[in-house]
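Reader: I would like to learn how labels are given to parts of a protein model. Can we go through some, one by one?

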Amino acid sequence: MTPPADMPPADPSYPVSPGAQMVHLVVRLAMAVRYRKNVMLGALAAAAVLGGFYYATATRYYGAKAAMLVTQIGRDPTDTAIADDELVRRNTMPTFENMFRSPKVVEGALKNLAEEDRIDLAGIPPNRWVQTLQDNLSARTVRNTNILEVGYRSRDARAAVNVLQAVVQSYLAFMDQVHKGTTGDLVAVMVRERSEVAEKLGRVQEALLEARRKCGDMGFRSDSRVLHPVVQRAVFFNDTLAAIERQRVELGVALAGIEEAVREGTDLGQHVVAMGNLLGKELLMSLMGIGTRDALAEARLAELCVRDQADLAMMRQHFGPNHPEVVFLAEKIRLTESYLNGFRERVNQRIAELGRDEVAGWIVQAGRRKLDELRQQEEMFRSQYEEAQAAAVGLSQELAQVEILEHELERLSALDDTLLNQITTLRLRQNGQEVRTALAQEPVVDDNPVSPKLAYVALAVLAGGCVAGLAAVQFFEVLDDRFRSIDELQERLGVPVLAMIQRFDPSEATGLEALPMARQPAAPENESFRTLRTALALTHPEARQLAVTSAEPGDGKTTVLANLAVGFAQSGRKTLLIDADLRRPGLTRLMNLRGPRGLSEVLRAAGDMAGVASAHIQASGVPGLDVLPSGPRPPNPAELLAGPQLAQLLAWASSVYDQVLVDSPPVLAASDAALIGRLVDGVVAVVQPAKNRRGLVLRVAETLALLRIPLLGVVVNRAATGGDDGYYGYRGYDYGYGYAYGDRDEEELPDAKGPDEQHEALPFAAGSASEDAIRRVAPRRVA
């Protein structure tokens, strides 16, 4: 509980941490729940009823699940440029998850849905059908696998299965179309180019036949004939041009394939191998940051490893497995393979570090540069070839024409074979996709609904009931700020209840006749005062100086204190009763001891305390009980109580009397109680649960704790003896005070209060002398 603003600051040696405050609030809430358990049970019951109603009336949704296996084929396990499975999963599986719920896939599934399977689309505009199916679809990748789990929720179990099957089939068709689309375009381009080459090839063949016919049956043989240098030059340029054209075609196909793989997010392995053969392994390694020396060393070690494995197989035919040479050669092979595997792992790591897109970008750029270079070379050699061809024709028209046509035929035939091989490769790739998606688990009908689930509803009921119950408990706590039982009072304050004083009928008498303990000592209703006396004697036998206070005026502290003093005197203890309530001296009025003598004069007097105190103490009429009345009302009661005279008076009284009881003002009404409490052995608080609000009583306990004044216990005053008008066993009178403490006698009931009265009502006004006095004087005892 947070101290009020007008309370003195806590002692620095007793800091209150936020954690302790939180624990305190939790404990208080737990105690409130304990005492209002019926509210919690009611909230839980209401939540259970609502949860049951929801579970009984909520729309049932049924689920269907399927599993698809995504595999990547055509990988070369010895190729170090291919990323491992984990990298493939991390790069490609999220794409497949998103594609499963893509609009194109859902639109394809809608076309194949029967009318009875569109139960979830009833009443929904057609333009929102795709979004509705997407909301009910789910897709996730099983951890560390290539399995894609997909599901669908529907109001009908059979419809859920049918819709999921339609979506799966649409997804498989979409994936097939995606992987075949670009490859089909490349095949079409290659087929058109091959058709053009075939036409040229036919024309060249016809021309060659015509040239040979003109030459008669000379039987030209290109491999045995000695050609003229001019013809040889034309042949050379023709061969070179054919090689460049073949390399350009192969590079164009490989470059198109790797660009397609980049767009689709598939494996780059086969394409990297093809580009390596065309660009050169040294260039490819340098692009990936791997030196030529490392690549040559790896190749040399691989060749030696193969040779050693052959030698080991031969040696095992003649020697045993433990032969030194066999063991040495086996260990050598193991180390070599370990190094080669490490090299491949470093290459894979380099690819993973560089990133798939970065490596692909490098290779594509290098391929494009190489393709441009081949095109330039092709144009250059074509020009040279045409010049050589014209020169050869001029030398020997017929002979040169035959030779040229033969080489042209060979070139076109080679180009036709190259195009045919590339078309075959693309078609094989088109039929056998690099990424394949297969249905691993068919969806089945499940008649058990996935929503609402009884376990989830039960948890929601429990959580909602607890939250609502706690809110209701807190609400009632705010509205009903009263103590409900003795146990709550003791647990909240942390001190015991010493006694419970029942309600007495009001008496008009004064003096001893107003005290039930003096008037009828043996009456049963006075047993509570003897119980209080016994409790103090047994629990705090060292407490010879006690102050009795309360939370606010009218709690009956003066009556309780006077009867307790009579009880101590009747038990044989010499007792002094001091009325230290200088603002409203109720004890002085009760004992009918008004006069010029009293505590205020003792505190103002100078001289020997024994003589001054003895002159003002009066006999009560009860053997062993003396009373020191309050005396004339001083203008500065807090300053008198803060002076050294009060400590001297109590020290003298403890040497003369067995028990000293001090009537103190209420703690929250004035600072006098703190000034008195610092000098006595302990404080007893009188509480009227039916009158005092819980917050005020807690502030009393916390104020005394902050000032390090020991609170020995509380006395419950005006406890009910029965009847229905009591408040959980309490009954009392509700007194209201609309003026500052000590400004009027109890008989006077003013209509309003002035500024000075308001100032006196504040127990610790900023800068007051009472506050300064409390901070100057150290407490006499620490609880």
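**Labels and their cut-offs**

Author: E378 and R382 form a salt bridge, with their closest N and O atoms 3.0 Å apart. This is a predicted model: local features need pLDDT of at least 70, side-chain atom pairs count only at pLDDT 80 or more, and totals for chains, interfaces and linings use all residues. Residues are numbered from 1 along each chain as its sequence is written, and side-chain values use heavy atoms, with hydrogens and water left out.

Reader: Why is the pair E378 and R382 called a salt bridge?

Author: The term needs a side-chain nitrogen of Lys or Arg within 4 Å of a carboxyl oxygen of Asp or Glu. Here the closest N and O atoms are 3.0 Å apart, so E378 and R382 qualify.

Reader: What makes E378 count as buried or exposed?

Author: Its relative accessibility is 8%. Buried means under 20% relative accessible area, exposed over 50%, partly exposed in between (1.4 Å probe, protein chains only). So E378 is buried. R382, at 27%, counts as partly exposed.

Reader: How many residues apart are E378 and R382 in helix α12?

Author: They are 4 residues apart, about one helical turn. Helices (H or I, at least four residues) and strands (E, at least two) are DSSP runs, numbered from the N terminus.

Reader: What makes E245 and R411 a salt bridge?

Author: Their closest N and O atoms are 2.5 Å apart. E245 lies in α7 and R411 in α13, so the pair ties together parts 166 residues apart in sequence. Both residues are buried.
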